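Here's a quick briefing to read alongside the structure.

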Amino acid sequence: MSQRIPVLVVSGFLGSGKTSLVRHLLDDAARRGIRAAIVSNELGELGVDAELLAGRPGDYVEIAGGCVCCKLSDELVATLAALRERANPDRILIETSGAALPYDTQLHLWRDPVRRFVEDDVAVVVVNAEQLAQGRDLDDTFAQQVSSADLLLLNQIDRVPEASLPALEEKLRGFEPEAPILRAAHGRIDPALLFPPDVDGLRALRREGGATPSPHVHEDFAAEIVELPAGLDENALLARLRALRAVRIKGFAQTRAGVRLVQGVGPRVELRTPDRPPPPELLGRVVAIRKNAR
């Protein structure tokens with residue numbers, strides 16, 4: 001197993017569309033015969049992202065209950081080493097939690113034994129265009145994520161007027177003046193664009209030099225599992241979910257009209273029919289993520 005493996009760190013604030021991007025990348029890899037492995041990091045313990053990625057080819061590992069940039073960093077390193085031995089994939093995708101910091105996650109890729117088999121590592125930070133346009137939650141975590149990106153993906157551009165996109169990109173430049181900015185809706189982007197050439201050798205230098213991650217502090221988020229009774233009217237369910245005032249909500253509900261996938265980002269909460277029926281243990285439960293008061 002002498003071949004080195006490229007690693008893509010998919011980061012971004014809660015609800016930016018990271019899982020949609022990962023789904024797109026997995027579908028593309030399957031069409032092209034690329035063996036991909038996925039490490040998915042969730043703040044909550046419900047495992048909604050695992051269900052949303054289910055049915056796609058690839059070796060999947062979930063790390064839940066914290067962030068792989070700090071609390072779960074040792075577990076990340078052990079998981080990557082195990083994936084190398086077990087699956088020896090062509091490509092590894094790490095989907096961080098919405099609170100994780102991409103650069104601090106990358107630092108752990110330069111630890112032994114992982115740095116011996118990583119070919120290149122790139123952090124793409126997914127940005128919700130609607131959130132950026134509303135000026136919502138753009139401090140602390142958002143700012144740290146964007147400012148440490150190798151690539152910025154301005155996602156969900158279908159939710160804002162097309163004419164506003166240049167101004168939104170200029171707004172991003174205030175956080176990160178140099179990283180290339182790509183545009184997408186639903187995370188649909190040419191995967192070849194997500195590994196830009198390392199012309200100046202900066203990524204290779206930082207990896208070869210190794211790194212000792214230092215303790216850091218990022219915003220504190222709390223994840224709560226909310227039980228939902230079956231048979232609710234959809235309008236009543238939406239009102240109940242909005243009353244939670246969460247930064248992010250996701251899960252599955254049994255409404256009068258049928259099973260619905262719940263997706264909430266800030267004040268926007270949506271219900272849609274899932275691609276496949278969720279497992280019984282996920283039905284009637286959502287995870288609500290809020291910022292903890294300081």
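pLDDT is the predictor's confidence in each residue, on a scale from 0 to 100. What you're looking at is a predicted model, and the protein averages a pLDDT of 89, with 89% of the residues scoring at least 70.

**Confidence**
- Helix H7 comes out highest, at a mean of 98.
- Helix H8 (residues 202–208) sits at the other end, with the lowest confidence in the protein at a mean of 65.

**The largest nonpolar core**
- The largest nonpolar core holds 34 residues.
- Inside this core, the residues with the most contacts are Val-127, Leu-132, Phe-142, Leu-152, Leu-154 and Leu-172.
- At least two core residues come from each of these: helix H2 (48–53), strand S5 (118–128), H5, helix H6 (141–147), strand S6 (151–155), helix H7 (165–173) and strand S12 (285–291).
- H7 is the top contributor to this core, with three residues.
- Leaving aside residues up to four places away in sequence, Leu-172 touches Val-127, Leu-132, Phe-142, Val-146, Leu-152, Leu-154 and Ile-181.

**A second core**
- There's also a separate core of 22 residues, with Val-9, Leu-83, Ile-92 and Val-114 among them.

- Gln-131 belongs to helix H5, which covers residues 129–134.
- Gln-131 counts as buried because its relative accessible area is 0%, and the cut-off for buried is under 20%.
- Not counting residues up to four places away in sequence, Gln-131 touches Phe-13, Arg-136, Asp-137, Leu-138 and Phe-142.

How values were computed: Residues numbered from 1 in each chain as written. Predicted model: local features only at pLDDT ≥ 70, side-chain atom pairs only at ≥ 80, totals over all residues. Heavy atoms only, no water. Helix = DSSP H or I, 4+ residues; strand = E, 2+ residues; numbered from the N terminus. Buried < 20%, exposed > 50% of the residue type's maximum accessible area, 1.4 Å probe, protein only. Contact = heavy atoms within 4.5 Å. Core = buried A, V, L, I, M, F, W, Y, C linked by side-chain atoms within 4.5 Å.
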